[in-house]
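Let's take a walk through a protein model together. Please have a look at the sequence and the 3D view, and then read on.

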Amino acid sequence: AAGERARKVEHVVGELVGITLGDDIARLIPSELATLGVPALRPVFAAKLAEGRLMLYDSRGEHTTGQGAIVACVDCSGSMRAPHAGGVTGEAWAKSCALALLDQARHAKRDFVGILFSSAGQVATFRFPAGQAPITEVLEFAETFFGGGTDFQVPLTVATELLEAEYNVAGRQRGDIVLITDGQCGVTEEWMRAWNDTKARLDFRSFGVAIGSAATTRPGTVLDALCDNLRSIDDLTDTSAAADLFHVI
């Protein structure tokens with residue numbers, strides 16, 4: 001995670017790499033800016049601005065992609081206790097990934113929320129403001145396990161409600177929700193519409209990690225509909241399998 005943090009996100013404000021077209025006045029090249037000093041050319045400038053055809057400096061550099069909280073929803077259904085190749089259980093991998101996301105949040109001074117879930121009535125929420133991590137709370141988060149079935153709607157509703165509250169209080173958007181599971185379950189059409197509406201309003205991103213379950217990531221599945229960024233992981237001993245999460249979150 002620390003290594004991925006050091007990598008650059010390209011095509012944002014930073015190092016100049018060329019010329020492009022657009023309407024960002026802050027990145028105008030000098031020749032375009034000079035036309036504002038010629039009264040006869042101001043209508044031309046206004047037309048190019050409206051059409052997004054002004055010549056701008058293109059650039060790249062480091063950029064903090066998230067603003068709101070990082071929310072990790074970890075599946076604690078019974079099947080997550082099953083060992084995979086190398087003896088690693090889905091629970092151990094998922095909670096390790098969640099703790100790495102907590103470290104990511106602490107580094108960026110973002111809030112972190114860990115949501116453990118199983119059947120519809122089995123949900124536990126752990127909040128770590130600005131990534132602060134008292135050891136007793138971290139241990140409770142790591143050691144809590146339900147062992148029931150799998151329900152996505154309740155934990156994801158809790159996650160969106162937390163992001164909504166953060167937006168209402170602090171005005172922060174662009175949070176990140178990471179769903180880690182080895183299962184699949186249905187959601188209602190009404191709930192899915194509400195999820196998409198809230199996602200558009202709060203501008204959060206959704207990431208999915210399917211542990212040892214590639215079939216659940218195919219186009220048309222519930223996970224595919226829920227997540228902007230989705231992958232399956234078979235080898236739980238491969239530390240690079242989810243490394244890009246820490247590059248973009």
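**A walk that starts at the sheet**

Start with an open sheet of six strands, whose order is β5-β4-β3-β6-β7-β8 and whose pairing is mixed. Two strands pair here if DSSP finds at least two bridges between them. The strands themselves are DSSP runs of E with at least two residues, the helices are runs of H or I with at least four residues, and both are numbered from the N terminus. β5 (123-128) and β8 (229-233) stand at the edges with a single partner strand each, so one side of each has no neighbour in the sheet. On average, neighbouring strands of this sheet are turned by 15 degrees against each other, direction ignored.

Before we go further, a word on what you are looking at: this is a predicted model, in which local features need pLDDT of at least 70 and side-chain atom pairs count only at pLDDT 80 or more, while totals for chains, interfaces and linings use all residues. Residues are numbered from 1 along each chain as its sequence is written, and side-chain values use heavy atoms, with hydrogens and water left out.

Now look inside the sheet. Strand β3 (residues 70-75) and strand β6 (residues 176-181) run parallel and are joined by five bridges. Within this pair, Ala72 stands opposite Val178 in β6. Helix α4 (residues 90-108) packs on the sheet, where it touches β3, β4 (112-117), β5, β6, β7 and β8. The direction of α4 makes about 175 degrees with that of β3. For such angles, axes are lines fitted to C-alpha atoms, for helices over the stretch in contact, and the values run from 0 to 180 degrees between N-to-C directions. Helix α6 (residues 153-170) packs on the sheet too, touching β3, β4, β5 and β6, and its direction makes about 160 degrees with that of β4.

Next, visit some loops. Where does Lys109 lie? Lys109 is in the loop between α4 and β4, and its phi is near 55 degrees, a positive value in a residue other than glycine. Lys109 has a relative accessible area of 68%, so it is exposed. The cut-offs are under 20% relative accessible area for buried, over 50% for exposed and in between for partly exposed (1.4 Å probe, protein chains only). Asp203, in the loop between α7 (189-202) and β7, also has a positive phi, near 60 degrees. Asp203 counts as partly exposed because its relative accessibility is 42%.

Leaving aside neighbours within four places in sequence, Thr221 is in contact (heavy atoms within 4.5 Å) with Gln184, Ala215 and Thr216.

Let's turn to the aromatic rings. A pair of aromatic rings is described by the distance of the centres and the angle of the planes. Rings of Phe, Tyr and Trp (its six-membered ring) pair if their centres lie within 6.5 Å; planes under 30 degrees apart count as stacked, over 60 as edge-to-face and the rest as tilted. By this rule there are five aromatic pairs. The rings of Trp191 and Trp195 are stacked, because their centres are 5.6 Å apart and their planes are at 20 degrees. Trp191 and Trp195 are four residues apart in helix α7, which means that about one helical turn separates them. Trp195 also forms an edge-to-face pair with Phe204, at 5.2 Å centre to centre and 70 degrees between the planes.

Lys199 lies over the face of Phe204, at 5.9 Å from the ring centre. Arg81 lies over the face of Phe145, at 3.9 Å from the ring centre.

Finally, step back to the whole protein. The domain assignment, which is automatic or from a database, gives domain 1 (15-60) and domain 2 (70-247). Their centres, taken over C-alpha atoms, are separated by 43 Å. The secondary structure comes to nine helices and eight strands, and 42% of the 249 residues count as buried.

Methods
A charge sits over a ring if NZ of Lys or CZ of Arg is within 6 Å of the ring centre and within 35 degrees of the ring normal.
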